[in-house]
Amino acid sequence: MKYAYYPGCSLEKNAAAYGDSFKAVTDVLSQELVELEDWNCCGATEYFSLDPLPAYALLARNLALVPPGLTDLVAPCSACYLNLYKTEHHLAERPQLNSDVNAALAEAHLSYKPGTVRVRHALDILVEDVGYAEIALHIKQPLRGLRLVPYYGCFFVRPGGLGSHNPEYPDVLDRLLETLGATTVDFPLKAACCGGHMPQINPETAYGLIYELIATAASREADAIITLCPMCQLNLDVYQAQANDHFGTHHSMPVLYFTQVMGLAFGLSPQAMGFGQEFISAQSILDKLAAPPPPPEEEPKKKPQRSKKALPMPRKIETGQVR
Amino acid sequence: MKTGVYICHCGSNIAGTVDCAEVARWAGELENVAVSRDYKFMCSSTGQELIEKDIQELGVDRVVVASCSPHMHEPTFRGACERAGVNPYMFEMANIREHCSWVHTDKDEATKKAKALVAAAVGRVARHQPLTEKRAPVNKNTLVVGGGVAGIQAALEIANAGYHVYLVEREPSLGGHMAQLDKTFPTLDCSACILTPRIFDAGNHPNITLLSYSEVEKVSGYIGNFRATIRKKARYVNEELCTGCGVCQEKCPKQVVDEVFEAGLGYRKAIYRPFPQAVPKYPVIDRVDCTFFQKGTCKACQKFCPTGAIDFNQQDTLLQVEIGNIILATGYDLFDARRIPQYGYSRFPNVFTSLEFERMTNAAGPTEGKVVLRDGVTTPKTVGIVHCVGSRDLNYNEYCSKVCCMYSLKFAHMVHEKAHAEVYNFYIDMRTPGKGYEEFYHRLMDEGNHFVRGRVASIAEATRYGEPEGKLIVQVEDTLIGEQRRIPVDMVILSAGLEPRHDAQAIARRFGISCSREGWFIEKHPKLDPVATMTDGVFIAGCAQGPRDIPETVAQGAAAAARVLSIIDKGEVLVEAATAIVAEMNCTGCQQCISTCPYTAIEYLADKQKAHVIEALCKGCGTCTAACPSKSISLRHFDDGQLLAEMFGAMEAMFELA
């Protein structure tokens with residue numbers, strides 16, 4: 001399928017690893033991305049709280065730039081995705097806002113008709129349009145042996161965008177990582193806040209949130225946290241050292257984008273996937289994958305006996321059933 | 001032909017939107033109308049006397065009342081006609097309340113519409129024919145579906161009155177959910193101790209045929225004369241020979257988790273009796289779990305059975321019973337707490353559901369009544385009880401499950417008493433209406449439990465800096481102090497709500513009754529007819545109708561029984577007079593009507609090669625009249641002439657008023 005593509009500013013700089021790896025995996029999966037010509041900033045989280053109308057107009061300009069013939073606009077950054085999605089939605093719901101925004105767009109000889117563009121997240125198109133089965137066909141090096149934390153953050157899961165997924169406890173990324181051959185960790189904080197812009201505003205609050213995420217992942221013996229948002233990656237990766245200093249801990253938890261590990265599974269080179277750009281080195285992941293597979297453990301003849309007194313655990317709900 | 005027309009004000013219900021006097025004046029000028037009046041409440045005795053007086057003094061022979069829905073008062077006005085000597089079928093009702101005043105605001109337009117509806121009824125009633133309702137005898141047997149406390153109560157009431165009951169239970173034993181419970185609120189008396197004598201009585205009553213491990217597959221017929229097909233599932237145990245000694249259960253090598261009676265917290269064998277006091281005492285073999293049925297070898301139970309009662313060749317049997325009335329008391333399912341993943345049930349070992357906890361505190365349960373964590377040995381020091389799990393939540397069920405506040409209080413008491421633990425109740429509102437219920441709440445507060453008002457956001461084994469490791473952290477907004485709190489506990493009990501049985505819709509269809517949007521069975525009238533349904537002869541009791549506690553459930557079981565007994569005592573029922581009739585001259589014998597009739601009320605007369613309607617079975621639904629290609633079936637009281645007259649009446653009026 002052919003998508004209009006809105007990279008957003010992070011993917012050009014601090015999240016270049018995300019941008020490069022996303023383009024590479026869409027290439028492997030024969031999905032075409034057409035970058036918007038002369039796109040502009042999404043306004044991040046701040047602009048809406050200052051003055052809504054220019055904030056909407058700024059975003060609507062990007063929607064207006066979608067080339068005719070294309071219906072789906074992909075934004076890999078969760079903040080860009082949510083802002084674009086929200087704008088599209090509000091323009092359709094609020095006629096007055098729509099006419100004000102279009103009056104602004106007219107100054108630049110642009111216009112946007114609500115309902116013509118569907119805003120999509122990078123993860124959404126890969127799992128919904130391409131699908132797990134098709135992705136599985138392209139795997140050259142399964143991520144066997146890796147224990148990964150699927151971390152969604154808070155923007156991606158806001159209700160409305162991904163109608164059928166459970167906003168409290170999503171599992172689309174879990175299933176993708178399992179498709180790639182990795183073991184996923186049941187992560188209770190998968191939709192928790194990464195701290196957003198708190199490192200600049202109130203560092204102590206940010207460190208608390210970052211600590212909780214990193215320590216919980218570490219307590220579950222994870223090899224890496226897998227994100228789908230440049231903000232989450234930045235906070236957990238760049239400020240991990242400060243959080244360690246603040247609490248006197250020594251965690252060293254690599255934080256990667258899901259497209260980076262997808263690329264590895266597709267047999268693409270770690271350099272091309274942006275490995276090495278992270279603050280907390282992810283070399284351990286590469287070493288683990290490069291190491292010869294450990295000899296298969298001898299199947300214990302008897303299952304480890306549960307204590308006779310222990311009560312049975314309830315059956316788990318099947319993956320994908322949680323709605 | 002003299003038609004009397006009566007326009008009801010229904011207080012201001014109709015008169016607020018419709019000019020009733022004007023409708024009456026206008027209707028007085030319609031063809032065949034001898035008298036036309038309006039009155040404040042036609043259903044009152046004075047209103048009915050108006051009709052009776054006009055019949056006797058003016059010779060009115062057809063009556064139209066424009067008021068509410070025929071569901072409400074058609075029988076009332078038909079009765080008035082009959083008392084004054086006019087056949088009740090010479091009456092027609094125009095619904096100017098639900099169909100007019102309640103749904104419109106413009107008085108002029110609503111008045112016009114009311115006129116048109118009255119004109120339609122006047123047109124129709126001119127074509128009415130007198131009909132006579134036939135009487136049919138009532139079969140004195142009753143079918144009770146569901147062997148929980150509601151069904152047991154209903155069955156015992158009827159059986160004690162001297163009439164026969166078929167009591168059908170899906171599980172191997174009577175008892176239902178109440179048999180699983182430990183204590184009952186607010187008196188804290190032992191649930192099993194008060195229930196088991198009733199179970200025993202129901203199982204041994206000479207007037208009750210107990211069909212456990214059985215399900216009703218098919219029902220046909222009508223009030224007083226139903227016929228049901230019941231599948232008695234194979235137990236693989238010969239009930240004639242089995243003494244209930246329990247050796248088979250002891251010797252069976254296959255142990256599985258008991259998902260039903262022990263709510264997943266304990267084990268049972270492949271051949272099992274759910275609990276020691278089970279009635280009947282005979283065990284059943286679960287084919288799916290049994291080694292012999294799955295692998296072909298084992299037969300340990302057979303080897304050890306002292307009376308040779310194990311019979312692997314037993315087959316399901318189908319039983320036909322004839323009954324006059326049916327009581328459905330099929331109960332509820334517990335809300336599946338796994339549907340709220342952020343509460344961690346099935347992910348964190350020490351999150352339990354309410355039914356699991358009932359089994360845990362039960363002295364006959366898997367832990368012999370000890371309150372312990374999932375490891376089976378550790379006593380919790382702090383316990384959180386989360387109210388409204390799956391209830392009062394637009395994401396799951398909007399309704400309040402009614403019993404959870406009280407059973408949560410009971411749990412808090414049990415935890416306090418048995419584990420001496422600190423207990424946090426996380427509630428939205430405490431709802432404790434009932435005899436002695438609020439007092440129980442006060443008692444629990446005095447016992448020193450914490451009550452935190454707010455819906456729990458999440459339960460997780462994920463700690464912030466400085467929080468104790470290895471605990472479950474309950475994140476909640478305490479709305480009384482206006483702060484977010486993170487409370488570490490050892491154990492969480494989820495007070496899950498009550499949901500309709502997963503197959504409630506299918507059961508409702510089988511018995512010809514209807515369900516609410518959620519799946520609860522719908523009563524005939526929510527206030528004045530709470531145990532009857534729209535299908536005569538089918539009654540409902542207990543949680544199948546909506547969440548309720550034990551006293552209310554028992555009261556309903558008894559109420560349903562009383563309704564059935566009054567029908568049995570009367571001895572006969574009136575049979576629908578508006579039935580289909582075949583004009584044999586035109587019938588080609590194609591039998592299409594026979595295949596479309598939902599009540600199997602049409603038979604084929606092979607000698608004449610004609611269809612024939614069995615009047616006692618016909619419900620007057622009209623499906624056959626629509627299906628008949630030669631138009632040789634008509635429906636009494638709904639024939640083409642009557643329906644066309646009704647439509648012409650309405651259309652002429654609308655044309656005139658436009």
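1. Start with the contact between the two chains. Chain B gives 21 residues to this contact, and chain A gives 22 residues. On the side of chain B that touches chain A, ten residues are nonpolar, five are polar and six are charged. Keep in mind that this is a predicted model.

2. Next, look at the open sheet in chain B. Five strands build this sheet, and their order is 10-7-6-18-29. The pairing is parallel. Where does the sheet end? Its edge strands are strand 10 (208–211) and strand 29 (538–540) of chain B, and each of these pairs on one side only. From one strand to the next, the twist averages 20 degrees.

3. Now take one pair from that sheet. Strand 18 of chain B covers residues 325–328 and runs parallel to strand 29 of chain B. Three bridges join the two strands. Which residue of strand 29 is the bridge partner of Ile327(B)? The partner is Phe539(B).

4. Strands of a sheet pair through backbone hydrogen bonds, and the pairing can be parallel or antiparallel.

5. Chain B also holds an antiparallel pair. Strand 11 (residues 214–222) and strand 12 (residues 225–232) of chain B are joined by eight bridges. Find Ser220(B) and look across: Arg227(B) of strand 12 of chain B stands opposite.

6. Finally, check the turn of this hairpin. Two residues lie between strand 11 and strand 12 of chain B. In this hairpin, Gly224(B) takes a positive phi near 90 degrees.

Notes
Residues numbered from 1 in each chain as written. Chains lettered and ligands numbered in written order. Predicted model: local features only at pLDDT ≥ 70, side-chain atom pairs only at ≥ 80, totals over all residues. Contact = placed C-beta atoms within 7 Å. Nonpolar A, V, L, I, M, F, W, Y, C, P; charged D, E, K, R; others polar. Pairing = 2+ DSSP bridges. Helix = DSSP H or I, 4+ residues; strand = E, 2+ residues; numbered from the N terminus. Axes fitted to C-alpha atoms, helices over the stretch in contact; angles between N-to-C directions.
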